[in-house]
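Me: I would like to learn how to read a protein model feature by feature. Please give the general idea each time, then the case at hand.

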Amino acid sequence: MKKIFTFIFAIALSLNVFAQCPLTTAVDFTATDCHGTEVHLFDILDGGQYVLVDFFFASCNPCQQATPKVVESYYAFGCNMHDVYYVEISDRDSDAVCQNWVNTYGVEYPTIGGPAGGATICTQYQIGAFPTVILIAPDRSIVINDLWPINNAQTVISALESHGIQQHDCEPGPTGEVTFSTDIVECYWGCLYEPGMFTIYNQTTEDLVIEDYFSDDFYNIVCTDSWNDLTPGNDIKGMTIAPSDSLDVWVFVNYYKMSEGFLKLITSFGEYELKIVLYGDGSVDEHGANNFTLYPNPVNESLMISGQNLGNIRIFNTLGQVIFEVFATDDLNINTSGFENGIYFVKVGDKTQKFVVTH
């Protein structure tokens with residue numbers, strides 16, 4: 001009897017050893033799940049998510065008992081949309097068997113069958129018993145080699161939270177992107193009355209909130225939604241841009257440290273940086289080159305630029321795009337009949353002036 005007991009104990013001990021994945025570093029794989037979705041392990045890890053892999057097969061009784069608990073934890077961690085990505089892999093089941101499995105247990109994460117690559121993956125990870133649940137960190141290290149026993153969903157939740165993984169709702173976040181009219185904003189050096197300008201385009205599916213902005217490079221930088229208006233009600237901090245909408249932003253810089261730096265925007269969709277370039281020296285030389293006057297302003301069909309030694313002349317729209325450029329020595333008359341109504345900027349050398357077109 002003792003010999004029989006010893007033999008049974010040896011078998012049990014052997015199974016316990018083989019139940020653990022012996023690897024410490026993940027092996028990459030690409031496979032297609034039973035719904036036709038391709039899963040590439042390293043792409044998911046490189047995106048910053050942990051990956052929980054549940055090795056199973058459909059006729060495995062312990063797998064059947066554990067799966068509902070794993071599924072419950074999947075919902076607690078945000079349905080593959082946040083810190084962790086769930087996938088289950090069978091070493092033998094066909095896509096049809098896997099389809100029946102996911103329907104039975106309500107599995108919404110990818111399920112990879114044996115013929116679809118599961119058998120090879122199980123061999124690569126040296127899986128000898130089922131279920132075996134492992135957790136792979138974004139740096140590709142295997143931080144849990146076998147999560148067992150799974151008494152309830154909290155067993156999985158606690159194990160993942162011990163690695164800094166946070167719970168989330170399963171509601172999807174916004175999709176799309178936030179774009180800008182330019183990545184370089186020109187402001188006049190030290191002058192609050194010649195700001196730079198750029199436009200934020202909300203091309204996501206949710207409201208975009210401007211949570212904060214700042215610059216490490218300038219003593220004082222103010223962003224408003226109104227030209228030449230620094231009143232608190234026009235500060236963009238706290239403003240919301242609806243989906244498919246945009247916001248024109250005027251950048252006022254004063255008390256400068258240097259000639260260029262970065263404006264850092266913190267939004268509900270992420271953080272962004274725009275380069276700020278200061279031009280001019282803050283002084284006005286009434287007799288030097290590039291001093292000019294504009295008239296009439298507002299203008300209808302003809303804008304006169306009057307001055308001496310003008311040099312290169314450029315006209316910008318509010319998107320920062322050059323719409324007219326010419327070289328002139330003295331007075332210049334520009335036909336504005338083709339300009340749309342709105343605000344424009346004339347830059348002559350290092351001097352800039354604003355004019356308005358109204359037809």
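Me: In which helix does Ser73 lie?

Reply: Ser73 lies in helix H3. Helices (H or I, at least four residues) and strands (E, at least two) are DSSP runs, numbered from the N terminus. A caution on the source: this is a predicted model, where local features need pLDDT of at least 70 and side-chain atom pairs count only at pLDDT 80 or more, while totals for chains, interfaces and linings use all residues. Residues are numbered from 1 along each chain as its sequence is written, and side-chain values use heavy atoms, with hydrogens and water left out.

Me: Is Ser73 buried or exposed?

Reply: Buried means under 20% relative accessible area, exposed over 50%, and partly exposed in between (1.4 Å probe, protein chains only). Ser73 has a relative accessible area of 0%, so Ser73 is buried.

Me: Which residues is Ser73 in contact with, leaving aside its neighbours within four places in sequence?

Reply: Contact means heavy atoms within 4.5 Å. With those neighbours set aside, Ser73 touches Tyr86, Ala153, Val156 and Ile157.

Me: How do the totals look for the protein?

Reply: The protein has six helices and 23 strands. Of its 359 residues, 42% are buried. Take the contacts between residues at least 6 apart in sequence: 66% of them join residues at least 24 apart. Accessible areas come from the Shrake-Rupley method with a 1.4 Å probe; for residues, only the protein chains shown count as cover. The protein exposes about 17900 Å², and carbon and sulfur atoms supply 51% of that area.

Me: How do I read an aromatic pair?

Reply: Two values describe a pair of aromatic rings: the distance of the centres and the angle of the planes. Rings of Phe, Tyr and Trp (its six-membered ring) pair if their centres lie within 6.5 Å; planes under 30 degrees apart count as stacked, over 60 as edge-to-face and the rest as tilted. The whole structure holds 13 aromatic pairs. Take Phe57 and Phe130: the ring centres are 5.3 Å apart and the planes stand at 80 degrees, so this pair is edge-to-face.

Me: Why does the pair of Phe57 and Phe130 tie together parts that are 73 residues apart in sequence?

Reply: Phe57 lies in the loop between strand S3 (50-56) and helix H3 (61-76), and Phe130 in the loop between helix H5 (114-124) and strand S6 (132-136), so the pair links parts 73 residues apart in sequence. Phe57 is buried at 13% relative accessible area. Phe130 counts as buried too, at 16%.

Me: Which pair is tilted?

Reply: Tyr86 and Tyr109 are: their ring centres lie 5.5 Å apart with the planes at 50 degrees, so the pair is tilted. Tyr86 lies in strand S4 (residues 84-90) and Tyr109 in the loop between helix H4 (95-105) and strand S5 (111-112), so the pair ties together parts 23 residues apart in sequence. Both Tyr86 and Tyr109 are buried. Tyr74, Tyr75, Tyr86 and Tyr109 form one aromatic cluster.

Me: Where does the charged end of Arg92 sit?

Reply: A charge sits over a ring if NZ of Lys or CZ of Arg is within 6 Å of the ring centre and within 35 degrees of the ring normal. The charged end of Arg92 sits over the ring of Phe57, 3.7 Å from its centre. It also sits over the ring of Phe130, 5.6 Å from the centre.

Me: How do I read a sheet?

Reply: Start from strand pairs: two strands pair if DSSP finds at least two bridges between them. Five strands form an open, mixed sheet in the order S5-S4-S3-S6-S7. S5 and strand S7 (142-144) stand at the edges with a single partner strand each, so one side of each has no neighbour in the sheet. S3 and S6 are antiparallel, over five bridges. Asp54 has Val133 in S6 as its bridge partner.

Me: Which strands does H3 touch as it packs on the sheet?

Reply: H3 touches S3 and S4, and its direction makes about 160 degrees with that of S3. Axes are lines fitted to C-alpha atoms, for helices over the stretch in contact, and angles run from 0 to 180 degrees between N-to-C directions.

Me: In what order do the strands of the antiparallel open sheet stand?

Reply: The order of its four strands is S20-S19-S22-S23. The twist averages 20 degrees from one strand to the next. Five of the seven residues of S22 are buried, so S22 is largely enclosed by the rest of the structure.
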